[in-house]
Amino acid sequence: MLAAATEMTETVLSSGWFLENAWIIPIIPAISFALIIFFGKRMPKKGSEFGVASMLGALVFSAGAAYQWIQRVNGAAEGAYIAPIVKTWTWWQNDGVSLGIGQHVDGLTVTILLVVAFISSLVQIYSLEYLRGDRRYTHFFASLTLFSAGMLNMVVAENMIQLILGWEIMGLCSFMLIGHWWEEGANSRAALKAFFTTRTGDIGLLTGTAVLYFAANDWTTKTLGVSGFSIRGLSSWALSGDPSSAAITVGAVALFIAAIGKSGQFPLHTWLPDAMAGPTPVSSLLHSSTMVVAGVFLVARVYPVFFEGLDILGSGANFIVIIGGITIVIAALLAFVQTDIKKVLAYSTVSQLGYMMMGLGAGAWLPAVFHIFTHAFFKACLFLGAGSISHSSSHHSFEMKKDMGGLRKFMPITFTTWIISTLALCGVFPFSGFFSKDEIIDNVGHNGYNVFMIVGLTGAFLTAAYMTRATYLTFFGSPRGASAGEHHEEEGHGAHASHDDHAHDTHGHDAHASHDDHASHGPHESGWLITAPLIILATLALSSGFLNAAPFGHSWENFKKWVEPSAEVINPTGIAYVTGGAGEARISSDEPTEPVVGEEAQSGAPLAAASGEEDHSSEEGHHKSDCGTKTPVDGVCVAPQLNHAPFKWSKAGLSMLIVFAGMLSSWILCVQLYERKNKKLVGLTERNKALGAGYKFLVNKYYLDALYENVIVRSIAHPIARGAYWINQNILDGIVNGAGTSAKTVAGWVYRNVDQKLVDGAVNGSGNAAQAAGGALQPVQSGKVNMYGALLFGSAAIGALILVIINT
Amino acid sequence: MLLNQFLILGAVLFCIGVYGVIARKNAVMVLMSIELILNSVNINLLAFSLRNGSVDGHTFALYVIAVAAAEVGVGLAMVLLMYRNRRSIGLDELSEMKG
């Protein structure tokens, strides 16, 4: 088949060893995880060397894959369909059902692979210093490495089952890492909350996968020869016009619920800020730059399913864009009332994830994916910066109001990297956030979602304002609390909700002494293991945007060229039998760059399965397909046709003005409020009823936690408990009592008639017999569990033996 | 046919499990042995399911795994309580049921 396909290929796409073997990338950290668990404690560096080495290895492999992917794209014609490099092995099969495991490598895959491997490497290096001397140092690195293995596995996943596997590994590692310091009750509660909240969403993932499998499997098997779990199968099925609207809509909604849970979208975002109870490197890696984008990645991965199922670019707003829009604004508002620097960043993450979702929901696929890319760098940098502050200056506290302030003089490197990343987050030209976030807002508007464009701009204003507030409280003004050299009383620590206090109870006495020693120096810059990752990330926060710098013209849009899948219609054989990437049949297209690709696929090759016509011929090309206006009668496509907004400086200038307005107003307010202690502003929330109510509403996080814990959990769990109690009291007890009463009656009769007259004589004899038997059996009732087990298995064996004898 | 190998593996696992249940004094080890026994049953289910070309055995095995998870949950809770009460999880010290 491969040879046949090669003959009809017009252009042979280049491939390479790293692309062909991208499946190795998740294996490296997985092996490393096993090594850390089994040998980590005996190693000189307590297992961290395995973790760092494996992540660097994964990084090299990912970089190789990315390089070769770029070669592959550059070698192909403009706008051509670049076949993903797919490999699959049978994982499980029976009764005609089979599951594969393998790799599906395309532009999106290599992007996220690179991001995950890169941030993981930096975070592990940073953790060498940050968690030095921690009680569960080895386990920390083990969990971190397993997390990376899970995420990388999800990214290369060839089918939905493999994706779920990686997804769940991440959920587990997230639980273990949030609860890393589980001795403190708040931490283990946060871990449980994160786990259960994301599990709530995961129900959607399982349901959605199952629904889509049963809806798509027939079509994909017939047309493409792949199962209904396959990602390329689902993508092309969704765009083929075959799916019934009910099935695909249910599937898409269910999958999106999973994305809501994992990516902290409204209304399941409540776990993410609490997840900041974990060590800061964890917050940086899992809960800002990589794991939480898993939901966004899921939507981007099987985008055609959402595109068709939720009618993206159709009339009116869809589910994804609404959720994304709500998330942007509510999370940004919540960031204003936080005093904990990590919580500000957490809400900021939620808000940025909202941007990505909104972008995806509005057909801005590429800007959203690009935002994953840039956001990972600057948000990881911000979190690691916050960790650096707490590690070296604020005595392991994250309270901005109590323990920070004026740190710019003491921590020049942290300060500079923080400012760069903040500007990137706010989307200031020419920092990376500008190129991604502005593109999202721009495209959302361009695709007709005007309301959501305004939401995006509002979000940009709020982002600028809350980041200015956080920066002001942390780096400007005068040092307060711990950073002013004050030492907390031990009982004071309990007051801090999220507080990396590993140094206090986990260090040995020697370590503790040296720790006190370094704290007494007052605030200072962190060591190079911490600052080096910060500098690298800040450099990328500054420069990564230029990979897709739309303002400078088409030739700068490299990311778009490399990552965006082509909507070109191809022959089904092209995606069905790709094994090495070199042999897909591409059907030539006349005008690939036109927004609407109108050509019918000119099939030069027989279909993989002759049944392709059966599906389509009856409908004569009337059904809608988003590959173009006309149905791909005998071809399929794997990506919908999307438009890109032309870049206009006027629009960019407007959003820039909004961002600067946000910064300026926030700065003025902060100076008035915190520096001058302006009488009009201080305590305003206590004096003004409306503002006070709003403040209280925000501090209580819109009462969503109260809703979940007090209303939903209670309304479900308590009636069940009460019902069970009622059944126990009335029904079971009734039965027992009734049985007792009737037994008593019967017993009375028996006593008078049978017992007294008949049995008495026999009783004495049997009593003696029973006593003898009891005495003989008494040793059996030894109270030893093992012996009971032995008796159980022994008698079962005898029983089995008897059964065998009888049956033969 | 691979069936024999599967069945032998299952039998070996089962025997190890039974040995663990009978010989081990540590409650956690006994729980782990019970897991081995359950999994040997699963292997048998899967072996026959593959042989018969039906997914029923797989389904059943998944069900067993779910029940086993619940069982371990209860078991570990009991071990924990045992440990809290008597600072030991040795089963040989638990002889209140002696008749």
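Modeller: Helices (H or I, at least four residues) and strands (E, at least two) are DSSP runs numbered from the N terminus. This is a predicted model, in which local features need pLDDT of at least 70 and side-chain atom pairs count only at pLDDT 80 or more, while totals for chains, interfaces and linings use all residues. Residues are numbered from 1 along each chain as its sequence is written, and chains are lettered from A and ligands numbered from 1 in the order in which they are written.

Biologist: Fine. How are α16(A) and α17(A) oriented to each other?

Modeller: They are roughly antiparallel, since the axes of α16(A) and helix α17 (residues 365-392) of chain A cross at roughly 175° and come within 9 Å. Axes here are lines fitted to C-alpha atoms, for helices over the stretch in contact, and angles run from 0 to 180 degrees between N-to-C directions. Among the contacting residues are Ile341(A), Leu345(A), Tyr355(A) and Leu360(A) of α16(A), and on α17(A) the list includes Trp365(A), His371(A), His375(A) and Phe383(A). A contact means that the C-beta atoms, placed from the backbone, lie within 7 Å.

Biologist: And what about α16(A) against α21(A)?

Modeller: Helix α16 (residues 341-361) of chain A and helix α21 (residues 450-475) of chain A have axes that come within 11 Å and cross at roughly 160°, which makes α16(A) roughly antiparallel to α21(A). On the α16(A) side, Ser348(A), Ser351(A) and Tyr355(A) are among the residues in contact, and α21(A) contributes residues including Gly456(A), Gly459(A) and Tyr466(A).

Biologist: How far apart are the axes where α8 packs on α10(A)?

Modeller: Their axes are 7 Å apart, with helix α8 (residues 185-223) of chain A meeting α10(A) at an angle of about 155°, and the two are therefore roughly antiparallel. The contact involves, among others, Gly201(A), Gly204(A) and Gly208(A) of α8(A), with Gly251(A), Ala254(A), Ala258(A) and Gly261(A) among those of α10(A).

Biologist: Zooming out, how many helices and strands does chain A have?

Modeller: Chain A has 32 helices and two strands, and 53% of its 808 residues count as buried. Buried means that 20 or more other C-beta atoms lie within 10 Å of the residue's own, exposed means 12 or fewer, and partly exposed is in between, with C-beta atoms placed from the backbone. Of the contacts in chain A with a separation of 6 or more, 78% join residues 24 or more positions apart.

Biologist: Why does Val156(A) count as buried?

Modeller: It has 25 C-beta neighbours inside 10 Å, so Val156(A) counts as buried. Val156(A) belongs to helix α6 (residues 137-156) of chain A, and leaving aside residues up to four places away in sequence, Val156(A) touches residues including Trp23(A), Pro26(A), His104(A) and Leu113(A). Phe140(A), also found in α6 of chain A, is buried because 28 C-beta neighbours lie inside 10 Å. With the sequence neighbours again excluded, Phe140(A) touches Ser127(A), Leu131(A), Asp134(A) and His180(A).

Biologist: Which peptide bonds to proline are cis?

Modeller: One is the bond from Phe266(A) to Pro267(A), with omega near 5°, and Pro267(A) sits in the loop between α10 (245-262) and α11 (271-274) of chain A. Another is the bond from Phe429(A) to Pro430(A), with omega near 0°, where Pro430(A) lies in the loop between α19 (412-426) and α20 (432-446) of chain A.

Biologist: Switching to chain B, which residues does UniProt list as "transmembrane region"?

Modeller: The unreviewed UniProt entry lists residues 6-22, 29-48 and 60-83 of chain B; positions follow the numbering used here, feature names are shortened, and annotations may be inferred rather than shown by experiment. In the model, residues 6-22 of chain B are 100% helix and 0% strand, with end C-alpha atoms 24 Å apart. Residues 29-48 of chain B are 100% helix and 0% strand, and there the end C-alpha atoms lie 29 Å apart.

Biologist: What is the phi of Arg87(B)?

Modeller: Arg87(B) has a positive phi of about 55° although it is not a glycine. Arg87(B) falls in the segment after α3 (56-86) of chain B, and with 7 C-beta neighbours inside 10 Å it counts as exposed.

Note on methods:
Angles under 35 degrees count as roughly parallel, over 145 as roughly antiparallel, 65 to 115 as roughly perpendicular and the rest as oblique. Two residues are in contact if their C-beta atoms, placed from the backbone, lie within 7 Å.
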